[in-house]
Amino acid sequence: MAAPVVALWAFCVLRVVLATVYFQEEFLDGGLQTTQNGRFYAISARFKPFSNKGKTLVIQYTVKHEQKMDCGGGYIKIFPADVDQKKLNGKSQYYIMFGPDICGFDIKKVHVILHFKNQYHANKKSIRCKVDGFTHLYTLILRPDLTYEVKIDSQVIESGSIEYDWNLTSLKKMEKSSVESKDWDQEKDDKSQDWEKHFLDASASKPSDWNSELDGDWQAPMLQKPPYQDGLKPEGIDKDVWLHQKLKNTNYLTEYDLSEFENIGAIGLELWQVRSGTIFDNFLITDDEEYAENFGRATWGETKDPEREMDAIQAKEEVKKAREEDEEELLIGRFGGQGNHFNRFHRKDEL
């Protein structure tokens, strides 16, 4: 029975080794909390810059609207390494904006905004956020195959294609059309050059059954000059060789890979809150989905049940207190002025 235990331990160690953790912050003192109403907040932290090209990107954190949020942001932003932290504001360029935003009855959504070609593109799907006063775990996963997932409390609430869910198919079509047009223009240029590379087949002779009066003047067929590469000459010439082969650019999609960011180097909050009290905690940026899941269980997962139990106890105490206050008011109203003599009597008795 010892072998499976060792194997499992080895797997866990390997999992940690394989994961790349770009940023991880657990506020052991309870989290980062907004404290003043009607205020703009901006704070950020740097880390070693990296590119997620060809890798999965996982962004995760917890947020709790302890004040029962009615209007304010709870999202985070991922910035390029050259962001000016001292002047961080709403105009500071960011790569990714992710997280809940609540304001009134209309706005209760999870933002997922990606920066691409100097423009910000929002996910076209309506992703509803949590609006209660509990701590919730928000996770965004961007994969190199252009798929994504949005999770709340480790449950997938939205997923799909970055290309389609960010309304970028039109951009791809425009780019594809532009590429094909360039390829066609290049093909026409190449075609004119190719004709200049042809010559008459001097070894050919007029067929014996050729009738000049009926068939016209006979001309020797045209042959294409063979290409010379590295000093090597082809041994023969194929009379049926294609003059051209249409160029097909199969790499244009990689130019529109929205899951790739070259210079990620900072994470931060840049938001407005009408009513303060939101707590941010357990920040994580990694390339490993399983590591993020385990980290979520070890942080949010360990506190979510005790938090709800404590909330239930406090709710019962509040109900009990409210009932006692109602009974006291009812008693005072029933006895009217006699209640004052009753109170004085007890005070006298106490003396």
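## Terms and model

A residue is called buried when its relative accessible area is under 20%, exposed when over 50%, and partly exposed in between, using a 1.4 Å probe and protein chains only. The model here is predicted, so to speak of local features requires pLDDT of at least 70, side-chain atom pairs count only at pLDDT 80 or more, and totals for chains, interfaces and linings use all residues. Residues are numbered from 1 along each chain as its sequence is written, and side-chain values use heavy atoms, with hydrogens and water left out.

## The disulfide

Let's start with the cysteines. Searching the whole structure turns up 1 disulfide (a pair of cysteine sulfur atoms within 2.5 Å). Its partners are Cys71 and Cys103, with an S to S distance of 2.2 Å. They connect distant parts of the chain, 32 residues apart: Cys71 sits in strand 5 (residues 71–73) and Cys103 in strand 7 (residues 96–103). Strands are DSSP runs of E with at least two residues, numbered from the N terminus. The Cys71 and Cys103 link is left-handed, with -75° about the S-S bond.

How well covered are these residues? Cys71 is buried at 17% relative accessible area, while Cys103 is partly exposed at 31%. Another cysteine, Cys129, is buried at 4%.

Phe40 lies in strand 3 (residues 39–50) and is partly exposed, at 35% relative accessibility.

Conventions
Helix = DSSP H or I, 4+ residues; strand = E, 2+ residues; numbered from the N terminus.
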